[in-house]
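Me: I would like to go through this model term by term and ask on what grounds each label is given. Please set each value against its definition before you conclude.

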Amino acid sequence: MNIENMLILKNKFKYHKDVKNKLLKIINEAPFPLDESNNKTHTKGGDNHSFYKHDWNDCLNKNRQWYKLTGKKISDELIAMLKKINYDDAVVHEMWFQQYKLNDFHGWHLHGRNFTGVYYVDFSEKLKQKGTEFINIGNPKNKFVLDVEEGDIIIFPSNIWHRSPKIKSNSIKAIISYNIESIINENWKPYTRNT
Ligand SMILES: [Fe+2]
């Protein structure tokens, strides 16, 4: 199977212009994860990632300030996107932000749940990046970079390997990511839908 044919949904997040600046201000002021706070960076020397800051450790907390501003709006958009392709409903479970600075990256990885995705909150053209990269592990030569711009919101199956390339400029990249469980009624039959 060609990776390009795998299911990737992309939309413009309609509230992006309204929420971007407020969202970034809150994220910038948010505390670093406690165990990594000494040097004000969450960069780890691991093989597979180097982040500037994230709140993965608190990803289920709906009382986070940025979540209160826009978490429900993002969730509603994601659920609407999945309903458009015939899912009956969906539950957005984990949601977290990640910031990348110079030389930060996230290597090839998968997520839990059955769908995941990215909302590109701060994705300046100065980064000179296209977007998330996808790979078919059955045929690693078959990979591609999804063309996205700031304000885009994407969803894809959690079992597709993907990565975020290394930042090579002084601009910061900020994204919100999420894990979603889609729901379909047990009596679903293809011929009852518009298929
Ligand atoms: Fe990811």
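Reply: Helices (H or I, at least four residues) and strands (E, at least two) are DSSP runs, numbered from the N terminus. Residues are numbered from 1 along each chain as its sequence is written. The model is predicted: local features need pLDDT of at least 70, side-chain atom pairs count only at pLDDT 80 or more, and totals for chains, interfaces and linings use all residues. Counted in this way, the chain has two helices and eleven strands, which follow one another as β-α-β-β-α-β-β-β-β-β-β-β-β.

Me: Where does Asn-136 lie, and why is Asn-136 called partly exposed?

Reply: Asn-136 belongs to the loop between β7 (133–135) and β8. A residue is buried if 20 or more other C-beta atoms lie within 10 Å of its own, exposed if 12 or fewer, and partly exposed in between, with C-beta atoms placed from the backbone. Asn-136 has 18 such neighbours, and therefore falls in the partly exposed class. Although 134 residues separate Asn-136 from Asn-2 along the chain, their C-alpha atoms are 7.5 Å apart. By the burial criterion, 28% of the 195 residues in the chain are buried.

Me: What makes β1 and β3 edge strands?

Reply: Strands pair if DSSP finds at least two bridges between them. On this test six strands form an open antiparallel sheet in the order β1-β9-β6-β11-β4-β3. β1 and β3 (53–54) each have a single partner strand, so one side of each has no neighbour in the sheet. Between β1 and β9 there are four bridges, Lys-10 being partnered by Ile-154 of β9, while β6 and β9 are joined by five. Ten bridges join β4 to β11, and Val-92 has Ile-180 of β11 as its partner.

Me: Which strands stand at the edges of the five-stranded sheet?

Reply: That open sheet, also antiparallel, has the order β2-β5-β10-β7-β8, and β2 (49–50) and β8 (143–145) are its edges, each pairing on one side only.

Me: What does Leu-78 contribute to the nonpolar core, and which residues is Leu-78 in contact with?

Reply: A nonpolar core is a set of buried Ala, Val, Leu, Ile, Met, Phe, Trp, Tyr and Cys residues joined through C-beta atoms within 7 Å. The largest one has 33 residues, and Leu-78 is among those with the most contacts inside it, together with Tyr-119, Ile-175 and Ile-176. At least two residues of this core come from each of α1, α2, β4, β6, β9 and β11. Leu-78 is also one of the buried residues of α2. Neighbours within four places in sequence aside, Leu-78 is in contact (C-beta atoms, placed from the backbone, within 7 Å) with Ala-90, Val-92, Ile-155, Tyr-178 and Ile-180.

Terms used
Two residues are in contact if their C-beta atoms, placed from the backbone, lie within 7 Å.
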